[in-house]
Amino acid sequence: MTEPPVVLVLGGTGEARDLAAELDAQNVPTISSLAGRVADPRLPDGAVRVGGFGGVAGLTQWLRDNGIRVVVDATHPFATGISANAATATRSLGLPLIRLCRPPWSPGDGDDWVRVPDIADAAGYLDGRRARVFLTTGRKDVDAFAHISSAWFLIRVVDPPQTRMPSQRTVIRSRGPYHVSDETALMREHRIEVLVTKNSGGEMTRAKLVAARDLGIEVVMVDRPREQPGVLSVDDVAAAAGQVRRLIGGAQPL
């Protein structure tokens, strides 16, 4: 008989999948939760649930009802809603919370970065410019650029945007990981002058930054939002798995 899960991994990232695989290999009863915003997500090893919890109250009740002892927030660095809910819910229940978050990218020699605090500022920076823009911030953010008529956009998404879009655009659908040679060819083909991206970090989509640097393309980099205060944070899967093992040894079930 399969043991009920004692660890909840809030996932949707490569790190979350790797952690679920590691915990599964160590026979740690784990369930991964996906938001369900992607039509055909990559599923992690082990048990999986898909869909929202219903805010803080719903998540709190779910954790209590399912006897979860440790929560790992391995969501995307820009998934601020679920991270805030997880911090509040675990705090109210006295449960340990681990934040697994990959390190951000940093500019290096030859990079031409313009850093902005959020998507609205990225759109404001481009408004009025006659440029060919490669937009890679995700389908939910496309609406912020919809009013810009001066620029042409190459919009790359996994699933089609369900929002307003710029009038001058081409939409392509694909999913990483990406390779420098392919990213370079794509930017050359579409004569890209500006790359817009979020500072997601990680290796899966770093190739576009290398290609932009090699081609002398300006990068508009949206800075990460602040992490939840007071949460134990690690930046690699091995450290997260080690913390889970330590906490399971000391955490008491509800």
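Predicted model: local features only at pLDDT ≥ 70, side-chain atom pairs only at ≥ 80, totals over all residues.
1. Domain 1 brings 12 residues to the contact and domain 2 brings 14 residues.

2. **What lies between them.** What kind of surface do domain 1 and domain 2 bury between them? The buried area is about 920 Å², with 49% of it on carbon and sulfur atoms. Two residue pairs are in polar contact between domain 1 and domain 2, both at pLDDT 80 or more. Salt bridges across this interface number zero by the rule applied, although the structure holds 11 salt bridges.

3. Six strands make up an open sheet with parallel pairing, and their order is β3-β2-β1-β4-β5-β12. At its edges are β3 (47–50) and β12 (232–234), each pairing on one side only. On average, neighbouring strands of this sheet are turned by 25° against each other, direction ignored. It is worth looking at the β12 end: β5 (residues 97–100) pairs with β12 in the parallel sense over three bridges, and R99 stands opposite S233 in β12.

4. Helix α1 (residues 14–25) lies across β1 (7–10), β2 (30–34), β4 (70–73) and β5. Helix α2 (residues 55–65) lies across β1, β2, β3 and β4. How do these helices run relative to β1? For α1 the angle to β1 is about 160°, and for α2 it is about 150°.

5. Another open sheet of six strands has parallel pairing and the order β6-β11-β10-β7-β8-β9. Its edge strands are β6 (113–116) and β9, and each of them pairs on one side only. Here neighbouring strands are turned by 20° against each other on average, again ignoring direction. Within the sheet, β10 (residues 194–198) and β11 (residues 218–222) pair in the parallel sense over five bridges; V196 stands opposite V220 in β11.

6. Helix α4 (residues 119–126) lies across β6, β7, β8, β10 and β11, and runs at about 150° to β11.

7. **Two backbone details.** Most residues other than glycine have a negative phi, and most peptide bonds are trans. Which residue has a positive phi although it is not a glycine? N27 does, at about 60°, and N27 is found in the loop between α1 and β2. Please also look at the peptide bond from G176 to P177, which is cis with omega near 10°. P177 belongs to the loop between β9 and α5 (180–189).

Conventions: Residues numbered from 1 in each chain as written. Heavy atoms only, no water. Pairing = 2+ DSSP bridges. Helix = DSSP H or I, 4+ residues; strand = E, 2+ residues; numbered from the N terminus. Axes fitted to C-alpha atoms, helices over the stretch in contact; angles between N-to-C directions. Contact = heavy atoms within 4.5 Å. Buried area = accessible area lost by both parts, 1.4 Å probe. Salt bridge = Lys/Arg side-chain N within 4 Å of Asp/Glu carboxyl O. Polar contact = N/O pair within 3.5 Å; in protein donor to acceptor, adjacent residues only side chain to side chain.
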